[in-house]
Amino acid sequence: MPRFSIIVPVFKVQGYLRECLDSVLGQSYRDLEVIAVDDCSPDGCGAILDAYAARDPRVRVLHLPENVGLGRARNAGMPHATGDFLFFLDSDDTLTPGALRALADRLDELPDPDGPDVLVFDYARTYWWGGTRRNVLARVLAEAGAGTFTAAERPEILDLLMVVWNKVYRRDFVEKHGFRFPPGYYEDTPWTFPTLLGAERIAVLDRICVAYRQRRTGSILSTTTRKHFDIHDQYERVFAYVDSRPELSSWRPFLCHKMGEHCLDVLAKPDRLPESDKEEFFRRTAELFRKHKGGPTPPELRVLEGSFTRYRAVRAAKALDLRAHQVRAAAAVRLKRGWSGVHGRRPLDPQLAVYSAFSHRGVLGDPAAVHRAARELAPHIRGVWVVRADQVPSLPPGVEYVVPDSLRYHQVTARATYFVNNVNWPGTLAKRPGSVHIHTHQGTPLKYMGADLLHKPGARHGLDVPQMLRRADRWDYSLVANRHSELVWDRAYPCRFTSVRTGSPRNDVLVRARPGDGADVRARLGIPAGHTVVLYTPTRRDYVRGGHVDRIDLARFAEDLGEGHSLVVRLHPSLADGPARGMGLAELHRRGVLVDATAEPHVEELMLASDVLVTDYSALMFDYANLDRPIVIHADDWGTYTASRGAYFDLTADAPGHVTRTHRELAWLFACGGWRDEESSALRAGFRARFCEFDDGRAAERVVRTLMLGEQDLPLPVPAPAQAARDLLASS
């Protein structure tokens, strides 16, 4: 008996069907069966299914003699299911890698041997144009806890999308209650509410297991038809289920509220109902609402107590309010910029410096190191940070800040003398004569930057290179940690700045590191004493929309490392708020398989806390080399990466340590101890001499003394002459 019976109804999806089936049959967890129901599809779906069944005994195909619709096609597959749990997967969607293994592991950790009645998991919408967006209510899963519960104990579970495919169901539970899908559109509604309300044990998995395809055309729900009137009958079935079970009667007001919201949402969609049928749809919704409400009407549903004419008037008024808000916001921006112009006529304040880092994400990176040094060496210079409103709560105590585009922002930036940033300032910020713009960059460049991206159209998608260079024209000084960076920035940003060989200020703490510096971070992350800490920092990929690709099976890698090792993972900051962590990383962190440190703001602390760095092409390798600790490069897609983004040198030939290209090579390198052998030390020494030549632990001090205080007595670090011959950039 398999663990999972995956029932796949199939109709007119020949362009997506193979991808769906491959995502299931290619799972690392193989204890499954696929019951594919050919709903008399008129295209080539039947032949595709038969071909898969011939190749894989786990696939069984049912060919229905006539088209019965999505719900009844699922019903046709259920009697053939033999698995412990039923999984209904739509044939244009896909399972994410490792999804079934994560589901099985979650079921195994629950105390009840039979498992929950329903296990709810997360999903991400994948759009036809390549974008990906995680379920906006993912927090409900994150907050649900590790045990089981009922809907009454956690009613917020019913706020999730009421679909069948974001859950697995214990087959015995489904058969005991006789749950079946009705005909018509919105057939998930009278299945999902009853199963969740009837379940005695619900569990959750805070992991994205399904990629929910958002098709440009062909989706049933985006078809303009009267069939959307089916939603009223589907909710009548939900109310009938509640009526048949007196213990559920208290749910009636909640369900009536959900019904009203759902129907009004359908009515508001421009592509669902024929225009001539909208008044009838509204009237039937209002009748159903009056029939079942049984309590006070929520404010957002009061339109259902009036006429269709009033409903339209309310919607028109909301549209006007939105337009008025936009007009007021635009006027406020003009007012702020007007104030900026007023302050721009006043003299610069020689004792005012403005800082920003990573697009206003907080007190971070090189600008933070310069700010700390300025507070000590130049306390008379007032430092003000530009910080996004959502990052204000995480600011260190005593930090003065302004929010972007606020009135205070325009006042401060109009009069500041010093500007320190590792990202270009917005185009609206005008550089005044006498101001000093110090650009710190974000590390040593490996991948193409700036003007070099003009030859890489895929990597510069959505990036206005000429506009970026116009903003870079404001730079007065460009900080560099090595001559390689100096050459790159001169080529990538053909502007009017002066390169200054200061070293990277944020690396001062790495250069001056002492044994035990990372102990407090290890303790805070829950890493056992004496463990070897492996820090894994994958970078983003330009050849994939969204930038995230799982290059390493993290659960397998953590297991391969074995006892006495802790795997710490930090995704690229640009991926921190997207769906990447939900693809398994957050769940592995919850289970203690690894430590997800993506949200850690100060990456230098993670570097200090680690014993070895594993990365692909992250610029952190150049900073980490200052620690003189082992570095492993996992370059399994180096050719694809360089073809899409470009690189200034061949990292695989001039690596800071051993290079692996397969998971097997990576696992073996740690198993045999090669990651820290003499060859890795020799490679690291050469890399460090080349790319850390100006990092001497005094970079931040040097920036403040020479560029802000005008002192000339602090000598610049002297590079090793032997390295000069290696400062050659790869041809573009």
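The side chains of R74 and E187 are joined by a polar contact of 3.1 Å, and a second polar contact, of 2.8 Å, links the side chains of R74 and D188; a polar contact here is a pair of N or O atoms within 3.5 Å, where within protein one must be able to donate a hydrogen and the other to accept it, and residues adjacent in sequence count only if both atoms are side-chain atoms. The model is predicted, so that local features need pLDDT of at least 70 and side-chain atom pairs count only at pLDDT 80 or more, while totals for chains, interfaces and linings use all residues. Residues are numbered from 1 along each chain as its sequence is written, and side-chain values use heavy atoms, with hydrogens and water left out.

R74 is found in helix α3, residues 70–77, where helices (H or I, at least four residues) and strands (E, at least two) are DSSP runs numbered from the N terminus. With a relative accessible area of 0%, R74 is buried. Leaving aside neighbours within four places in sequence, R74 is in contact (heavy atoms within 4.5 Å) with residues including I7, P9, F88 and D90.

An open sheet is formed by 6 strands in the order β19-β18-β17-β20-β21-β22, with parallel pairing, two strands being paired if DSSP finds at least two bridges between them. Strands β19 (595–596) and β22 (659–660) stand at the edges with a single partner strand each, so one side of each has no neighbour in the sheet. Strand β18 (residues 565–569) is joined to β19 by 2 bridges, and V568 has V595 in β19 as its bridge partner.

Helix α7 (residues 189–198) packs with helix α8 (residues 230–243) at an angle of about 25°, their axes 8 Å apart; axes are lines fitted to C-alpha atoms, for helices over the stretch in contact, and angles run from 0 to 180 degrees between N-to-C directions. The two helices α7 and α8 are therefore roughly parallel to each other, a description given to angles under 35 degrees. Among the residues making this contact are F193 and L197 of α7 and Y235 and V238 of α8.

How values were computed. Buried means under 20% relative accessible area, exposed over 50%, partly exposed in between (1.4 Å probe, protein chains only). Angles under 35 degrees count as roughly parallel, over 145 as roughly antiparallel, 65 to 115 as roughly perpendicular and the rest as oblique.
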